[in-house]
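This report covers one predicted protein model.

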Amino acid sequence: MVNKKVTCYSVNIPESMDFVQLLLDNEESSLKPFVLDQYRTIELKYTQIQKNGSIVGLFVTTSRKNIPPAHKPGNGDDYTALPLDDGQGLAYPNVFLYDPQFKVLYLETNRMGVSPSKICAYFEARAIRDSIPTFWIEISPLLKKRGV
């Protein structure tokens with residue numbers, strides 16, 4: 001069994017908005033990837049409401065830089081990057097669960113995937129694209145590890 005690191009975050013947006021609706025918005029413009037920079041994009045994929053009202057889904061970060069090499073042990077010393085088609089990259093998915101009752105986002109954390117600040121940038125870019133005035137979002141950790 002693989003252990004996954006999950007971090008709990010508080011999600012705050014304007015009271016007039018519903019984060020559940022933002023997560024479940026399946027309009028074509030909402031599903032377009034958000035370009036972080038010339039090498040990385042973020043997409044919100046596969047969101048689904050559960051029987052208990054929680055939302056599960058997937059944020060996918062695609063990176064087109066620092067592509068690692070393929071290597072077959074004992075077969076030469078070729079360490080060139082994996083060949084990818086134009087526009088392709090490596091995908092780093094982060095599974096999440098959102099509990100609307102407590103406004104808590106449980107996010108699988110990985111080094112190359114999405115971070116809370118990138119999730120905020122994603123939703124802020126969508127708000128600009130959808131002409132939503134005065135939109136803001138805060139995603140704050142609920143518990144922090146204390147220094148020893």
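Helices (H or I, at least four residues) and strands (E, at least two) are DSSP runs numbered from the N terminus.

Apart from neighbours within four places in sequence, Thr62 is in contact with Tyr39, Arg40, Thr41, Glu43, Gly89, Leu90 and Ala91. Contact means heavy atoms within 4.5 Å.

## Basis of the values

The model is predicted, with local features requiring pLDDT of at least 70 and side-chain atom pairs counted only at pLDDT 80 or more, while totals for chains, interfaces and linings use all residues. Residues are numbered from 1 along each chain as its sequence is written, and side-chain values use heavy atoms, leaving out hydrogens and water.

## Aromatic pairs

A pair of aromatic rings is described by the distance of the centres and the angle of the planes. Rings of Phe, Tyr and Trp (its six-membered ring) pair if their centres lie within 6.5 Å; planes under 30 degrees apart count as stacked, over 60 as edge-to-face and the rest as tilted. The count by this rule is seven aromatic pairs. In one of them, Phe59 and Phe96 have ring centres 5.1 Å apart and planes at 40°, so the pair is tilted. Phe59 belongs to strand E4 and Phe96 to strand E5 (residues 90-99), so the pair ties together parts 37 residues apart in sequence. Phe59 is buried at 1% relative accessible area, and Phe96 is buried at 2%.

Phe59 also forms an edge-to-face pair with Tyr122, at 6.1 Å centre to centre and 85° between the planes. Tyr122 lies in helix H3 (residues 116-129) and Phe59 in strand E4, so this pair ties together parts that are 63 residues apart in sequence. Both Phe59 and Tyr122 are buried. Ring pairs join Phe19, Phe34, Phe59, Phe96, Tyr98, Tyr122 and Phe123 into a cluster.

## Salt bridges

There are three salt bridges in the structure, each being a side-chain nitrogen of Lys or Arg within 4 Å of a carboxyl oxygen of Asp or Glu. Asp25 is bridged to Arg126, with the closest N and O atoms 3.7 Å apart. Asp25 lies in the loop between helix H1 (19-24) and helix H2 (28-31), and Arg126 in helix H3, so the pair ties together parts that are 101 residues apart in sequence. Arg126 is buried, at 2% relative accessibility.

Arg40 and Asp37 meet through their side chains at 2.9 Å, N to O. Arg40 is partly exposed at 24% relative accessibility, and Asp37 is partly exposed with a relative accessible area of 24%. Glu43 forms a salt bridge with Lys45, the closest N and O atoms being 3.7 Å apart. Glu43 is buried at 17% relative accessible area, whereas Lys45 is partly exposed at 27%.

## Overall architecture

The protein has three helices and seven strands, in the order β-α-α-β-β-β-β-β-α-β along the sequence. Its C-alpha trace spans about 60 × 40 × 35 Å along the principal axes. Of the 148 residues, 32% count as buried. Among contacts with a separation of 6 or more, 57% are between residues 24 or more positions apart.

Methods. Buried means under 20% relative accessible area, exposed over 50%, partly exposed in between (1.4 Å probe, protein chains only).
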